[in-house]
Amino acid sequence: MSLNLSLQKVLHTNKEHITKLEELGVKTVRDLVLYFPRIYVDKSAYTNIADLKTDEVNNVIGTISNLFHKRTKNGKQLTKCLLSDDTGSVEVIWFNQSYLKRLLKNGQEIILSGKAKFNLGKMTLQSPSFEEQKKEQTHIGRIVPVYHETAGLSSKWLREKIQPVIKDWSKQFKEYMPKEILDEYKLMPYQKAIAEVHFPSDEITLEEAKKRLSFDELFLLQTKALQKKWHWQNIAVHDQKVLPRHEVLSEFFSKLPFELTGAQLRTIEEIFNDLNKPYPMSRLLQGDVGSGKTVVAAAAILNTVKNGYQAALMAPTEILAKQHYHTIFKMLKPFGLNIQFIAGSTPQSIKDDVTLQLKNGTVDVVIGTHAIIQETIGFKKLGLAVIDEQHRFGVKQRDILKSQGSPHLLSLSATPIPRTLAMTIYGDQDLSVIDEMPKGRQQIITRIVPEKKRLDGYKWIDEQVKKGRQAFIICPLIDESDVLEVKSAIQEYEYLQEHIFTKLKVGLLHGKMKPKDKEDVMNLFSQNKINILVSTSVIEVGIDVPNASIMVIEAAERFGLSQLHQFRGRVGRGEYQSYCFLFMKKSGQETSKRLQAMVDFSSGFKLAEIDLQIRGAGEIYGVKQSGIPDLKMASLTDSFTISLARQAAQEIINKDPELTNYPMIKAKLDELGEVFVKD
Ligand code: ADP
Ligand code: MG
């Protein structure tokens, strides 16, 4: 019998319940067995009747006697009995539960769970839940699973249905983990883990079951990722061996107006090692905003071109792409490279020209938005593709770039996240981290501003701007709707211009503006023709305006720390002392404590770690966009298990990348295929 069997055929229940289950995503036997409890309540400890305590929940086992049912004067149905064990007896009362007539009998052994009270000088148990004593308990007398409920499907109902299904079907969940992994990582057998996670024998076994199932999820995720990487590096046709051209590189480094940091030098070396290999690189370069990723990418681009190949850099927005173009153009100009820019707004005639020159190899480097992979654009010999803020692109877009002759692939991310988390969500890439800021970077002074200080804040900004500084004001995040977010930004902009900063020039930037308009606004802001820029969260990525020294974030509590950190990175890029003000709409101890971390720490890695602990991985900027499936059991904060699972996955893939000798793992991955397909 197949685990894909529909529940209609297995559960004795009505259509309505089946529909409700489907709403929970539970359609087949497999789904139901893998519908794990949310939490557990320990109802395994029993109290002797002689030791019953009032006003707390007691679990007792006893025998029923003196059972009777009657209707009270005010029309209530009353059920009473005496429950006795070796230590004594207690009175039990239920109201209006007429079905008890059918269920309870004198002499029956049952388990009760409920609050004890003194009633007319006597100890009574009032309306306890009960269960007949069985070989295996379901609802009480054990560690009880609690499931996510939905209207019309109670946790109790789910318990009742799941228990027999597990009994009948868990044998079909065959062990697929190779023995060497089971032994090495001391994992509980799969079948047992599934049974125990629903109906645990005890705390220790439960923990082991959870450990096994978490390990599995992470292991499969990482096996898949490592396999993908292996495919990319071994199946792809690739002959781009890029040797380090030391003379050119020393000249490049010597022309820079600064010394590279140790971290930059180390990551450059890691990248160059990869470029030099006979298979394509798959590497993610992570570094805080301002840590200097561009120059690292530029060095790789230069070296690639000096080996006779082309390079491409793709950024998620036109503004960013333009900025990269200018920076890289300036850095690489002395080396005689032909560098071109393409974005959506580029006139067709220029696009056509560049396309032609990319095809015949006249253009060495193309920088732009996803327009560079659209339409007819193709390369003569693409050796390196750089993708900035990779999580903003879909897998498809990345794949198109990859299909252009299997170039070396370098992704850049300004979202620092802990290494183990990166390993899970970007497992198909090797990781390089710039964990050091250039020397002499100023500290940005960060303050939490309560509502009552708002006007003082505005006054202070007004004075600063009159001295020549510039400010960003980020509008509140509105989850439900971009349209509302844009609307509120427009309102804020009008309000500030008309009522607060009347003598200054206020500008507006939001995601629904045409690229050309956005660029105009950004240009005006760069030239200090706009003093204060009101913006939705679209400006989060890499815009460089050195004269902007004030960052105001409205309703800061709505953003995760790592995103606040992204915003803050927009200032502190010039010579002036910079400030970040976190305005709070809703205050509270939790919120203040969380935002205080922004005041206390300037490292994005540190803030991401705190975010991870407080709000969970989903809140970390970039994680949701990474397309990682919802994990049932594993936690992305569990770096210990993540590391173990990664190690195990690596062992398997090293030995047998196509899983020829591990058909069971392969089948499991296929089974999960749907879940794992990203985007
Ligand atoms: P990001 O990592 O955010 O992309 P950028 O590459 O834009 O950072 O660099 C931020 C600024 O720091 C740029 O103005 C760049 O010229 C400068 N920069 C990069 N590396 C160094 C360094 N080692 N020392 C001083 N300034 C540097
Ligand atoms: Mg950048």
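**Exercise 1. Determine how many salt bridges there are between domain 1 and domain 2, and describe the interface of these two domains.**

Solution. The count of salt bridges between domain 1 and domain 2 is zero, where a salt bridge is a side-chain nitrogen of Lys or Arg within 4 Å of a carboxyl oxygen of Asp or Glu. This is a predicted model, in which local features need pLDDT of at least 70 and side-chain atom pairs count only at pLDDT 80 or more, while totals for chains, interfaces and linings use all residues. Residues are numbered from 1 along each chain as its sequence is written, chains are lettered from A and ligands numbered from 1 in the order in which they are written, and side-chain values use heavy atoms, with hydrogens and water left out.

Next, locate the parts: domain 1 covers 1-40 + 153-170 and domain 2 covers 45-141, with bounds that come from an automatic or database domain assignment. Five residues of domain 1 are in contact (heavy atoms within 4.5 Å) with four residues of domain 2.

Then take the area: the two domains bury about 430 Å² between them, 37% of it on carbon and sulfur atoms, buried area being the accessible area (1.4 Å probe) that two parts lose on being put together, summed over both. In domain 1, Arg 159, Gln 163 and Lys 167 lose the most area to domain 2, together 78% of what that side buries.

**Exercise 2. Find which protein atoms lie 2.9 Å, 3.5 Å and 3.1 Å from atoms of ligand 1.**

Solution. Begin with the side chain: a polar side-chain atom of Gln 264 is 2.9 Å from a nitrogen atom of ligand 1. Continue with the backbone, where an N or O atom of Ser 291 lies 3.5 Å from an oxygen atom of the ligand, and an N or O atom of Gly 292 lies 3.1 Å from an oxygen atom of ligand 1.

Methods: A polar contact is a pair of N or O atoms within 3.5 Å; within protein, one must be able to donate a hydrogen and the other to accept it, and residues adjacent in sequence count only if both atoms are side-chain atoms.
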